[in-house]
Structures are given as structure tokens and as C-alpha cells.
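Let's take a friendly tour of the pockets in this protein. Here are the sequence and the model to keep beside you.

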Amino acid sequence: MRQSAGISWDAGVRDTVAGEDAGTPPSVIKRFVATPSQIERGQSAVLEWEVAAASEVWIEPDIGLVTGSAVSVRPSATTTYRLTALGEWGSATATATVGVNGPAWASMSWGNELPGGYNSDVYRWLDSKGEQRTAVLTRNDAADPGGTNGGMLRQLRYGSGAKARVATGTGASSGAAKYNGWGYVVSHYGSGNSLVARSTDVTGQYRQAFMGRHHALHEFSWNLLFNDGTAQVPKWIPIKTTVQWFFATGRDHPVYAITFDSSAALPQGLSTQPDSRTPYGDIAWDGDGTLATVDGVKWGDKYQFYTRDEPFTSASRWDYKTPNVVPYASTYSRTADAEMGIVQTLSWLQHNTGGTWLNNNWGKDSENQIDGDTADQWVMPPNWNWPYQLCQYEMKLNQPTTSKRVAWGLMSGAVGRASYWGYGYEKQWSSLPYQSYSVFTVLGRPSEGTVKAQLSEVERALKAQPSASRGQVVAYGPGGVARSDSEKYAVPGYNGVYGVHEFKADTDGSFSVALNAAGGTLHNPIFLIRDMYAPLSRLTLDGVALRADVDYFASYDDATKRVWITLNRGWIGGHTLSNLPIGP
């Protein structure tokens, strides 16, 4: 297929390309309609089209390449679909909107409950499909029934009907430590990573940092002690560690944000080389009691790594040759149709990740790998040489595993060092006094491409282009949770701490901000508006009034003078979101 660079045609308009046969028309869309154009939530509509001179027809969001002349859709919220017809000499686009009526969405709820005897804060919210999700966070101020000190995701419930799934912490052990859930803080340091600081071993504090109508921030904190002396003369340095969980109505996957504050190690920093494997733990992402075999593992840093043989064993062949943008780690079971992933809110270049030295195999595969483990007869990289810790230490030679271990990874020195080499040794970074990063916690189904979809969502959010005619695009803010400093955002208008688009209101609380989804459709984007001294007065999208709890979900935080807004729709192209004072 041949396309003309830099030229597109509106629906029904014909044009020619200089130097080409003027008698050859570009693609034309004669008709693109939704029937009916207004539905009740849960009902279906049909998109119908008629095109000419087109070799391919694509519809977004969520549909992709189509054939024929019609397709059925069932959006959970008002959605504008964009059809693109591609031909030999050009393209054409057209849109059709399906309005969704329905009752207001329920607000987020919270309760202090004791599931399984674990003293927990339980959050319930409606996800992008309008289905309830439940997150159980165990408190970290006392030992839990499983013998750890909490501060983790004990349980996550999602889906409905036959697709409902409950994932609970497995209680798997790693040496003397047990992991009754997921999201623990773990940092290895010392010679040969012989020492470890972890939140399982100490009590800490918890608090509800914010509980709004549709958004919540739950916080855990600890003083983790790092031995910066010798075995004979230990010198214990407290590293203040803070974790926040961010939940939002209309969103499927919570954000896990962490800051290691090494101010106590100033001015020279720690002499040891602490890494970070946080968030860390075991949760039955295949569903309670399933014990499914792991069929594959994947991760992405500067390149994408994936296994090529199923089920996954130490003899699985692999590929590490495709360039990557947003870092992630994941593991999956096709037999259980379940997967779990960790997806960073920023790109590889914006925040370095990866915890070992496998980067010498970037661009390679198992057939031409460097420094393979010939002694233990592994085809996979040696278990100590994965950039993200998954289930490799629980494997037996050439045997499948049912381990549900999932963790993140940062290089040695990533905590409390004035400088350290990032993974890949291409750049030095500083972790003094702070090391902060944020990731999405993704549980879902490989048949639905859950982890891949979240990866695409972050990539698109990073490419979105913000502007403001009233108010301002925010370009500076705290570099992580529990920080009062201000640093330049990697992308203006994108808050990487929570993975949201951030703006500032005018002094009267009004704003008119635009966002161009230049990288592709954004699903239920979240806007964070600073300097709001009162709740929203009248929210509009492109001048059309929006309905609270139906078209958007808002939470006002009086303590910080901020408004969180989740738009209940696919955001295609450029639109303007406004809050203007109500006139007399």
C-alpha cells in the first residue's frame, strides 16, 4: 500500500497528489453512521460505512482493522468512533458518536475490614467497564496473620459473572521472609547483595492521604534501616520510604508510587550499593486456588524480551530484539487466561529501570546470546541476571513453574547514592536524596491483551499535546510522593507520579485546557487541576455541558485545592475541557 506523506483528506473530499495520475482518486468515505446514535448502557449499536478507493479501513478506539460494511459495538460510555480509509494515493477520516444513557455511576467507597483476619483498608470502585473492583490493603502498624507486617495489596477482585476473578496473596516464602500479598518494599545491598532491607520485617505507618468521591490516595510509610558500616561495627542509616496507591473511578489499574528519602545519608550518601526490587511479592494473579502453570514471561526496557516456548521453563527460547519505549515486566498463563504486569508511568529515557547486566544481550535472542548459563544448562538468561525479578528463582531445571512472583528492578546504587550507573551503563543517575518512581499494577487476561493495552495507554499519554487558553499547563511539580521539592516534568502537562494530565486554574477557578491525543486514543483520561478553591461549577467538553457521575467523575480535595477529573470516554484527537463560572 502506498500513502502520500503529510496529506490527508476529509470524508467525501477528493484530491490528487503532485506527480501522480490525476485520474486516480484518493479514498473517499461516502457514509459513516451509528444506529442507533443513542443507547442505554449495556445495549449495542451498529457502526455502518460505505467507502470508495480504499484498501484498508480502520476504526478506533478499540476496534482496529475492519472488513465488510458494519460492526457492532457496546460502549460503556459516550464514545466517538473515528473511521480511517486508506488507499493507494491518500486517506480519509470520518467520525460517528454513540451516546450512552444510564444512571449515575456509584462513587468510590472505603471501609476498614478484616478479610481473613487481616486488618485492612478496602477500596471499591467501578472500572472502565462499569464493573466493581476491590483492593484490599493490609495495614502495616502490626504483624498480620501471615507473619509479616502488612503494607501491601492483600487481595484484588475484578470482573463479573463467569469472568469474575479474585487474586489473594500466596504466602510464598523467600528465605526467612514470607509474602502474603504484593507491593512490599525490598532493597538488596552489601557485598553480593548479602544484606536486605524490606518492609515485611518492620512496622510502619498508614494513612488515607485523600478520599474523594471518585479518587483515592492511600499511603504507607516506613523507616527502613540500611547497614552502612561493617559486620563488626554496624552503622544503621534510616531511609524514609513512602508508598502511595492511587485508585480512580473509570480506571482499571491502580498506580503504585514510591519515594526512598535518603536525606539521613547526606552529604556523601551510602557507601553500599542498594538496589530496589520494589514493588515485590506474590499474589495469585491466576485466581485463588488455580495454581496455573506459567506459560511465559516478558519485560521491556530499551528492548522487549519475551519467551518463545510454552509452558515457560529454563529451557525456553527467547527474543530480545525489538526496541521498546515504556518499561514493563509481566508473566502470564494462557491456560488460566490470566496475566499480571507492572508498567511504568514514564518512558525508558525519562526514568531508567532494570536491575542487572543483561543489557549486553540487547538486540539478540537465545540462539546468539552472550554470557549464557552453560553450567546450569539454562537456555534462559541465568536467574541472577534478569532486569526484573519474576519467577526465576523458584524454577527447577527444565520444569514448568506455578510461582506467581512479580517484582520490579533498579540497578545497584539506585537508593541513597550521589551517582550510579543506570541499567545499560549509558548514563549516570543520582538517587540522593530521593529515588522516586511510579508504576501501574495490571491484572487481567492475555486474551484481552491487558498488559499490552496499558503499555499503549502510557505511550499515548506521553505523546499527548496539552495547551491552555485559560489557566496554565503545569510543567513543574514534586518528583515523587512525600516530596516538597519541584522539578521539571519529563513531559509538560503530564504528572508522572500518578500518570495524569496536570493543569492550573485561573485565580477565579476557571480553566479552558486542550489536549490533543496525537499518539492515539486515550481511554478515560484523568485531569488534575491545581489551584481550585472551590469544586467544579460547570464542566464542558468543546462547549457541551457534561453530566457529573455520568460523563465525568470528579473529586475535590479541599486540603490541597485540587480537582481530580476522570473523563468517561475515549479521547480521540483534540478537545477542550472547560470549567467556567456560572453567570448571572
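Which element gives the most to the lining of the largest pocket? H1 does, with 7 residues. This is a predicted model, where local features need pLDDT of at least 70 and side-chain atom pairs count only at pLDDT 80 or more, while totals for chains, interfaces and linings use all residues. Residues are numbered from 1 along each chain as its sequence is written, and side-chain values use heavy atoms, with hydrogens and water left out.

**Largest pocket**
- The largest pocket holds about 1,500 Å³ of space (a volume is the space filled by probe spheres set on grid points joined across faces, edges and corners).
- Its lining counts 50 residues, and Asp-62, Ser-128, Asp-252, Ala-453 and His-523 lie nearest the centre.
- A pocket here is an open set of points on a 1 Å grid over the protein atoms alone, where a 1.4 Å probe fits, with protein on both sides within 12 Å along at least five of seven lines; lining residues have an atom within 4 Å of a point.
- Elements giving two or more residues to this lining include helix H1 (450–463) and strand E34 (434–444); helices (H or I, at least four residues) and strands (E, at least two) are DSSP runs numbered from the N terminus.
- By class, the lining has 13 nonpolar, 20 polar and 17 charged residues (Ala, Val, Leu, Ile, Met, Phe, Trp, Tyr, Cys and Pro are nonpolar, Asp, Glu, Lys and Arg charged, the others, Gly among them, polar).

**Second largest pocket**
- About 480 Å³ of space lies here.
- Among its 26 lining residues, His-351, Ser-436, Gly-479, Arg-483 and Glu-487 lie nearest the centre.
- E34 gives the most to this lining, with 5 residues.
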